[in-house]
Amino acid sequence: MPKTDEKNIAAAEPARTRLEPRRILAAMGPGLVAALAGADAGGVATYSNAGALFGFMQLWTVPVMCFLLIVAQETAARMGCVTGKGLASLIREQFGVRLSALAMLALLVSNTTVTLSEFAGIASALALFGVPVYVSVPVAALAIWLLTMSGSYRRIEKVLLAIACVFITYIVAGVMVGPNWGDALFHTVVPQVEASPQYLSLLVASVGTAIAPWMLFLAQSNVVEKNAHAEDLPYQRIDTVTGAVAASVISWFIILTTGAVLHPAGVVVSGAEDAAAALAPLVGDYAELLFGAGLVGASFLAACVLPGITSSAVCEAFGWERGADRSWAEAPAYRGIITAVIAISAVVVMLPGVNLFGIMMIAQVINGVLLPVLLVFMVLIASDKHVMGRHVNGRGWNALTWFTIVAVTVLTIIMFVMQAMGL
């Protein structure tokens, strides 16, 4: 990986003021994949619960989460463009091997459990179409492994962007249920807060869904993989904002659909697949099929990116060879970690009687602790002129980033308190 050249960064020419359509299209990908991958099985379950339990009351959180996601993803993408390095490498250089190793261990455990939940989402969604778990999970695991081992980042990115098109099904389902659009827009603009443990718990879960630790690594790593540089920053910002807005539109329509249909009927769901199944008797089989197809695509997309970004971050932190274009002989640890994460996740999901909810809760706790720490690492690095040169965080952006850190930390503490109290 290229090393940071401080003099070149400081002397870099200002970004072009006239954007070129061709370069905008070329830059699209990293931000879209990172943001849309966050709308995974856990995300769909969280948003479905929010709609089923509280109707449109949590629609106001969507633009807020979109704003926080843009702040975090833009900073990560900018660091990748300017330094040519991933977040794991910068953490090791700035904060030492010990802290880096601790962060990577937490990321490895967390991402493996989240990958497991994605396979559970694939199994549950395909079960709606009559496909048994002992068929869906092995086939999905093999397809994901072959894709991540394909040896071309650009090919992988194109496939992932194609898979992301399935998210349109959530928009179609939302239109089909015929919601009260005026009421939905009102709740999007005017916050409605309920002082109940369930409401606060879902609010915390929404933050963890919108900004997950692995998404920061993914956004920065993808920019580095595309060989983007400081002069590409305007284009990467367009990609980042586009991805955040697209992901937020999807989450808004999931809350809209379940809020319009399941909440008035008093239907309570415990997972995304329950929401899909519950839609059928209320608004017809097509809505269930669309919702189920969206869940398959969401889970598959996240399951494709999680093993790769986990392996890439760990290898980067320890200076090992990595990259989709590296062979087994060139990067045995990189490919080995990917294979292990996929295999372990697939096998555990197929075990009878396994407590998937408990495993997902472990991942949530780890993410809750890891995210604020990573955000602090990120803002300190992005504020360092020796690393970022003239692309260092400004005062306004620093304030926004610290606001994000404080908000995430406070909500995480609330989550832990509620869990300790059994709420």
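**Entry 1: the model**
I am working from a predicted model.

**Entry 2: Ala76**
I started with Ala76, which I found in helix α5, residues 61-83. Is Ala76 buried or exposed? Its relative accessibility is 0%, so I noted Ala76 as buried. A residue needs under 20% to be called buried.

Next I looked up its contacts, skipping neighbours within four places in sequence. Ala76 is in contact with Leu216, Ala219, Gln220 and Met378. I also checked Ala76 against Leu218. These two are 142 residues apart in sequence. In space, their C-alpha atoms are 8.9 Å apart.

**Entry 3: Arg78**
I stayed in helix α5 and moved to Arg78. Arg78 has a relative accessibility of 4%, so Arg78 counts as buried too.

Which side chain does Arg78 join through a polar contact of 2.6 Å? I found that of Asn393. I then listed the contacts of Arg78, again leaving out neighbours within four places in sequence. Asn393 is on that list, along with Leu233, Arg237, Met388, His391, Val392 and Trp397.

**Entry 4: the cores**
I turned to the largest nonpolar core, which has 126 residues. Which of its residues touch the most other members? I wrote down Met104, Phe119, Leu160, Phe167, Trp214 and Phe217. Helix α16, residues 285-317, gives the most to this core, with 16 residues.

I did not count residues up to four places away in sequence. Leu160 then touches Val33, Leu147, Leu301, Cys304 and Val305.

I also found a second, separate core of 6 residues. Among them are Ala50, Met57, Tyr199 and Leu202.

**Entry 5: the surface patch**
I went to the surface and looked up a nonpolar patch. Phe129, Ile168, Val172, Met176, Tyr286 and Leu289 form this patch. Together they have about 590 Å² of accessible area.

Which elements give two or more residues to the patch? I noted α10 (168-176) and α16. Of the elements, α10 gives the most, with 3 residues.

Is Tyr286 buried or exposed? Its relative accessibility is 64%, so I noted Tyr286 as exposed. The cut-off for exposed is over 50%.

**Entry 6: recap**
Helix α5 holds Ala76 and Arg78. Ala76 is buried, and Arg78 is buried.

Notes
Residues are numbered from 1 along each chain as its sequence is written. This is a predicted model: local features need pLDDT of at least 70, side-chain atom pairs count only at pLDDT 80 or more; totals for chains, interfaces and linings use all residues. Side-chain values use heavy atoms; hydrogens and water are left out. Helices (H or I, at least four residues) and strands (E, at least two) are DSSP runs, numbered from the N terminus. Buried means under 20% relative accessible area, exposed over 50%, partly exposed in between (1.4 Å probe, protein chains only). Contact means heavy atoms within 4.5 Å. A nonpolar core is a set of buried Ala, Val, Leu, Ile, Met, Phe, Trp, Tyr and Cys residues joined through side-chain atoms within 4.5 Å. Patches are made of residues with over 30% relative accessible area and no salt bridge: like charges are joined within 9 Å, nonpolar side chains (Val, Leu, Ile, Met, Phe, Trp, Tyr) within 5 Å. Accessible areas come from the Shrake-Rupley method with a 1.4 Å probe; for residues, only the protein chains shown count as cover. A salt bridge is a side-chain nitrogen of Lys or Arg within 4 Å of a carboxyl oxygen of Asp or Glu. A polar contact is a pair of N or O atoms within 3.5 Å; within protein, one must be able to donate a hydrogen and the other to accept it, and residues adjacent in sequence count only if both atoms are side-chain atoms.
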